[in-house]
Amino acid sequence: MLTSPSKMLNVLLGQAVVVLSLLAATPALHAQNLPRIAVTDLSYEEKVKEYFQYFEAREKHNNSYSASERSRDSNFSSSGSSSERASSRGESSVVAASGSITMISRGELRKFTADIKGELLKSGAYRLVQGKPWTQQNTEKLYDIIDRIKKGYYPGADYVLFGSINNIDFRQESNPIQGSNAVSFSLALELVGEFSLINTRTYEIKAAFSAMGEGSDTRLANAAGTVIALNKSKVMQEVSRSLGDAVAAEMEAQFNPAASTRSSRRIERQSDTVQEQKTVIFK
């Protein structure tokens, strides 16, 4: 039995529609299979030393005094009486102390995580979910990430990327340039954080690493008394971007080793940054 051309065409069109539907559904299915990650704000702990001086003076005193006197005198007789009492009590003390008290402040820094999230999204290997912020202060519970997972701080997350700051180095310097009248003014910031990727169901650590973000702004002046305004916003932005790139690279190496595009993109970004840097000379 021969099939008419119109029926054959309908069959081919139907098959094409099925194939196109499968192709359209593939990206959605792939996205659903991506691990969902919650990125915490960066925890920090700093020690604050305060000087104190205390002085207290105490004094007590109880005084009592009584006196009586009687006298009688006439042509035929004479009499007299006299009495006197006195007592005194006293107490005094002085308390003085001075020294320093070291206090520990703990919390979460609401900065430097936007570029971490952005770089993870750019990789196309993860989905991100928003967790609840930590609002308590000065408690070691801040670092108990398992307790926070159990209390539902990260609903819908398969993994939590927990980060804490272990060092911040902020420098502002002015250095004369040898052989000239110019002075180099610089503002630099380096931030080092430690990160752990934790499975929210098994509490297994899937990745652990340290990452550094750095940024700087340098200006030259060759006239005495020149006012230099260094760009702090630029420095903060560079720190955030370099930290995000470093975290995403470590995540790729430890948790998503199949991806291979980040290293080349990182090299391109570094070369673009070098080309964009400019030196401003004030006269």
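Colleague: In which strand of the protein is confidence lowest, and in which is it highest?

Modeller: This is a predicted model, and the protein averages a pLDDT of 76, with 57% of the residues scoring at least 70. Confidence is highest in E1, at 96, whereas the lowest mean, 40, belongs to strand E8 (residues 281–282).

Colleague: How many contacts beyond four places in sequence does the model have for residues 22–27?

Modeller: Over residues 22–27, pLDDT stays under 50. Where pLDDT is low, the predicted coordinates should not be read in detail. Residues 273–283 also stay under 50, and for them the model has 14 contacts beyond four places in sequence.

Colleague: What pattern of helices and strands does the protein follow along the sequence?

Modeller: The protein has five helices and eight strands. Read along the sequence, their pattern is α-β-β-β-α-β-α-β-β-β-α-α-β.

Colleague: Which residue in E6 is the bridge partner of Ile-168?

Modeller: Strand E5 (residues 159–176) runs parallel to strand E1 (residues 36–39), joined by three bridges, and Val-39 stands opposite Leu-161 in E5. E5 also pairs with strand E6 (residues 183–199), in the antiparallel sense and over 17 bridges. These two strands form a hairpin with six residues between them, and Gly-179 in the turn has a positive phi of about 85 degrees. In E6, the bridge partner of Ile-168 is Leu-191.

Colleague: Why do the buried residues of H2 lie on the same side of the helix?

Modeller: In helix H2 (residues 114–122), the buried residues are Ile-116, Glu-119 and Leu-120. They lie on the same side of H2 because they cover an arc of only 100 degrees around the axis. An α-helix has 3.6 residues a turn, so residues three or four places apart point the same way. On the other side of H2, the exposed residues are Ala-114 and Lys-122, while the arc asked about is that of 100 degrees.

Colleague: Is Thr-200 buried or exposed?

Modeller: Thr-200 is placed in the loop between E6 and strand E7 (205–221). Not counting residues up to four places away in sequence, Thr-200 touches Ile-149, Ala-157, Asp-158, Tyr-159 and Val-160. Its relative accessibility is 13%, and therefore Thr-200 counts as buried.

Colleague: What is the distance, centre to centre, between Tyr-126 and Phe-255?

Modeller: The count of aromatic pairs comes to five. One of them is formed by Tyr-126 and Phe-255, which are stacked with 15 degrees between the planes. Tyr-126 lies in the loop between H2 and strand E4 (127–129) and Phe-255 in the loop between helix H4 (232–254) and helix H5 (262–276), so that the pair links parts of the chain 129 residues apart. Centre to centre, the distance is 6.2 Å.

Colleague: Is Tyr-126 buried or exposed, and which residues form one aromatic cluster with it?

Modeller: Tyr-126 counts as buried because its relative accessibility is 5%. Phe-255, at 19%, also counts as buried. The cluster consists of Tyr-126 together with Tyr-159 and Phe-255.

Colleague: At what angle are the planes of Trp-134 and Tyr-153?

Modeller: Trp-134 and Tyr-153 are both buried. The centres of their rings are 6.0 Å apart, and the pair is tilted because the planes are at 35 degrees.

How values were computed. Residues numbered from 1 in each chain as written. Predicted model: local features only at pLDDT ≥ 70, side-chain atom pairs only at ≥ 80, totals over all residues. Heavy atoms only, no water. Buried < 20%, exposed > 50% of the residue type's maximum accessible area, 1.4 Å probe, protein only. Helix = DSSP H or I, 4+ residues; strand = E, 2+ residues; numbered from the N terminus. Arc of directions from axis to C-beta. Pairing = 2+ DSSP bridges. pLDDT = per-residue confidence, 0-100. Contact = heavy atoms within 4.5 Å. Phe/Tyr/Trp six-rings, centres within 6.5 Å; stacked < 30°, edge-to-face > 60°.
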